[in-house]
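Colleague: Hi, I'm new to reading structures. Could you walk me through this one?

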Amino acid sequence: MSGTLNKVMLIGHLGDEVKMHYFDGGNCIGRFPLATNETYTNKQTNEKITNTEWHNIVVRNKAAEICEKYLSKGDKVAMITNYLNSGS
């Protein structure tokens, strides 16, 4: 499919510290879980419902090093990416 673009925005909280992995040649990746919440009110019971979804984030090289330096568990983060691998 040429001429398409996948853009994803996630706003949530870090579920753990950034875990770094370094490779020969100087490249690295950072991995961390990101929790996003959806909140709505059940119209029948008027109960407030919150669903949490966890996303496994992987960042590479300089972005990974910046995340490791500045992000900590519990921090609120906004991410915009042009690629999402859903694992399928």
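This is a predicted model: local features need pLDDT of at least 70, side-chain atom pairs count only at pLDDT 80 or more; totals for chains, interfaces and linings use all residues.

Colleague: OK. How many helices and strands does the protein chain have?

Modeller: The protein chain has 1 helix and 5 strands. Read from the N terminus, the elements go β-β-β-β-α-β.

Colleague: And what share of the 88 residues counts as buried?

Modeller: For the protein chain that's 23% of the 88 residues. The chain exposes about 7100 Å², and 48% of that comes from carbon and sulfur atoms.

Colleague: What about contacts between residues at least 6 apart in sequence, what percentage join residues at least 24 apart?

Modeller: In the protein chain, 54% of those contacts do.

Colleague: Let's go inside. Which residues of the largest nonpolar core touch the most other members?

Modeller: Leu-14 and Phe-32 do, in a core of 13 residues. Strands E1, E3 (28-41) and E4 (48-60) plus helix H1 (61-70) each give at least two residues to this core.

Colleague: Where is Asp-16 found?

Modeller: Asp-16 sits in the loop between E1 and strand E2 (19-22). Leaving aside neighbours within four places in sequence, Asp-16 is in contact with Phe-32, Pro-33 and Lys-73. Asp-16 and Pro-33 are 17 residues apart in sequence, yet their C-alpha atoms are 6.3 Å apart in space.

Colleague: Switching to charges: how many salt bridges does the structure hold?

Modeller: There is 1 salt bridge in the structure. Asp-16 forms a salt bridge with Lys-19, and the closest N and O atoms are 3.3 Å apart. The side chains of these two, Asp-16 and Lys-19, are also joined by a polar contact of 3.3 Å.

Colleague: Now the outside. Which residues form a nonpolar patch on the surface?

Modeller: That would be Met-9, Ile-11 and Ile-80, which together have about 330 Å² of accessible area. Met-9 lies in strand E1 (residues 8-14). With a relative accessible area of 56%, Met-9 is exposed.

Colleague: Last topic, backbone angles. What is phi of Asn-46 near?

Modeller: Phi of Asn-46 is near 60 degrees, which is a positive value in a residue other than glycine. You'll find Asn-46 in the loop between E3 and E4, and at 63% relative accessibility Asn-46 counts as exposed.

Colleague: And what about phi of Asn-61?

Modeller: Asn-61 isn't a glycine either, and its phi is positive, about 50 degrees. Asn-61 lies in helix H1.

Colleague: Is Asn-61 exposed or partly exposed?

Modeller: Asn-61 is partly exposed, with a relative accessible area of 30%.

Colleague: Great, thanks!

Conventions. Residues are numbered from 1 along each chain as its sequence is written. Side-chain values use heavy atoms; hydrogens and water are left out. A salt bridge is a side-chain nitrogen of Lys or Arg within 4 Å of a carboxyl oxygen of Asp or Glu. Helices (H or I, at least four residues) and strands (E, at least two) are DSSP runs, numbered from the N terminus. Buried means under 20% relative accessible area, exposed over 50%, partly exposed in between (1.4 Å probe, protein chains only). Contact means heavy atoms within 4.5 Å. Accessible areas come from the Shrake-Rupley method with a 1.4 Å probe; for residues, only the protein chains shown count as cover. Patches are made of residues with over 30% relative accessible area and no salt bridge: like charges are joined within 9 Å, nonpolar side chains (Val, Leu, Ile, Met, Phe, Trp, Tyr) within 5 Å. A nonpolar core is a set of buried Ala, Val, Leu, Ile, Met, Phe, Trp, Tyr and Cys residues joined through side-chain atoms within 4.5 Å. A polar contact is a pair of N or O atoms within 3.5 Å; within protein, one must be able to donate a hydrogen and the other to accept it, and residues adjacent in sequence count only if both atoms are side-chain atoms.
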